[in-house]
Amino acid sequence: MTDSVKLVSLAVAAPEHVIFQQQALEASARLFADRFEDFRHLARVFDNAGIQKRHAARPLAWFDEPHGWQDRMEAYAEVAGRLFVEAASSALHQAGLGAGDVDCVVTVSSTGFTTPSLDAQMARRMGFRADIERVPVFGLGCAAGVSGFAIASRLARSRPGAVVLFVSIELCTLAFRLDELTRPNIIATALFGDGAAACVLRSGDGGLAEVESTGEHLFPDTLDIMGWKIDDGGFGIVLAQALPPFAEQELGPAVTAILARNGLAPDDIDRFICHPGGTKVLAAMESALSLTPGALDHERGVLADYGNMSSPTILFVLERAIRAGLPERAAMIAMGPGFSASCVTLRRIS
């Protein structure tokens, strides 16, 4: 079908600074152990997170000092802009296109902001046309890699032949808080990294995969599971201990309902491609989706190499799944603030 939306290309990028997990543990112990009684107990999360290394917008020494909004957002604008250009340019090159061919750009990020938005900040550097349609999206968190992809695919479907560029950028490490002596802050310090990804979507022939269906589920009365609290110091992580058991209990029915609205059932999915929020969340997702323990191998590989980068992480997993060879039908699944679940199904192009 020439009118179906295709994923034409996919590229990933990460900042230059690398923090190994042992370095993160040692730095955190130096900064928190004498001030936070529970740190030694919580420090086990660094060993159990399944993470070997992460990329960061700033070198490790930057995190030794307190930073306010200005420092954080200046770093965000600089590094996110650079990653936007790197990931977007690579995706367009893979697609055999230039920035001047892009009709619409959808940009998701929940770890920083600029006004004008990143797409406008980088428009001249990229070479976008003056009539480009820009759709910046904030606040979808970890789910945005899937929900933003869905938004971009629907825009591509509504404008046959239009080139839609989807860019996901998160600089989670810039939210690191020296002043937050809390369990969620220590866990976030052990889990989160920085990265970006970009896709080209277009209706027509060819491509890596066909976008078959999209859907979301918003769970009622769950605002306290995940998100940001915002104060004078910056973003502060909201992360409930109940997340893994909640995912194990609630994700399966939500995904089943999303698929059913699109005439599908879980048994129709040959490979679930999941956002690796952490090892406990991955185990909960395998249980919820009736998968063999350890089945989410690409997810664990990305988690080990990059940590949880929030929204672009699922696209890093998709990139590995594509390299390994997509099955007939795959479903991307991510959960995020709201609390919500997002799903996109993809069909292999023969």
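Let us start with Gln 21, which lies in helix H1 (residues 21-32); helices here (H or I, at least four residues) and strands (E, at least two) are DSSP runs, numbered from the N terminus. This is a predicted model, in which local features need pLDDT of at least 70 and side-chain atom pairs count only at pLDDT 80 or more, while totals for chains, interfaces and linings use all residues. Residues are numbered from 1 along each chain as its sequence is written, and side-chain values use heavy atoms, with hydrogens and water left out.

Gln 21 is buried, with a relative accessible area of 6%; buried means under 20% relative accessible area, exposed over 50%, and partly exposed in between (1.4 Å probe, protein chains only). Leaving aside residues up to four places away in sequence, Gln 21 touches Phe 46, Ala 49, Ile 51, Gln 52, Lys 53, Arg 54 and Ala 190, where contact means heavy atoms within 4.5 Å. A polar atom of the Gln 21 side chain lies 3.1 Å from the backbone oxygen of Phe 46.

Now to the domains. The domain assignment, automatic or from a database, gives domain 1 (3-201) and domain 2 (207-346). Their C-alpha centres lie 17 Å apart, and the contact takes 65 residues from domain 1 and 50 residues from domain 2. The size of an interface is often given as the accessible area lost when the parts come together. Here the area buried between domain 1 and domain 2 is about 4,300 Å², of which carbon and sulfur atoms give 65%; this is the accessible area (1.4 Å probe) that the two parts lose on being put together, summed over both. In domain 1, Trp 69, Cys 142 and Val 146 lose the most area to domain 2, together 16% of what that side buries.

What charged link joins the two domains? The count between them is one salt bridge, a term for a side-chain nitrogen of Lys or Arg within 4 Å of a carboxyl oxygen of Asp or Glu. The side chains of Asp 231 and Arg 177 meet in a salt bridge at 3.1 Å, N to O.

Across the whole structure there are 19 salt bridges, including these:

| Salt bridge | N to O distance |
|---|---|
| Asp 131 and Arg 129 | 2.8 Å |
| Arg 329 and Glu 212 | 2.9 Å |
| Arg 271 and Asp 297 | 2.9 Å |

Asp 131 counts as exposed at 55% relative accessibility, whereas Arg 129 is partly exposed at 29%. In the pair of Arg 329 and Glu 212, the salt bridge spans 2.9 Å. Arg 329 lies in strand S12 (residues 329-336) and Glu 212 in strand S8 (residues 209-218), so this pair ties together parts that are 117 residues apart in sequence. Arg 329 is buried at 13% relative accessibility, and Glu 212 is partly exposed at 25%. Both belong to a network of salt bridges that links Glu 212, Glu 328, Arg 329, Arg 347 and Arg 348.

Arg 271 lies in strand S11 and Asp 297 in helix H11, so the pair ties together parts that are 26 residues apart in sequence. Arg 271 counts as buried at 15% relative accessibility, and Asp 297 as partly exposed at 44%. Within H11 (residues 297-306), His 298, Glu 299, Val 302, Leu 303, Ala 304 and Tyr 306 are buried. Their cover includes S3, strand S11 (271-274), helix H10 (279-288) and helix H12 (313-324). Just after H11, Gly 307 takes a positive phi of about 70°.

Terms used:
A polar contact is a pair of N or O atoms within 3.5 Å; within protein, one must be able to donate a hydrogen and the other to accept it, and residues adjacent in sequence count only if both atoms are side-chain atoms.
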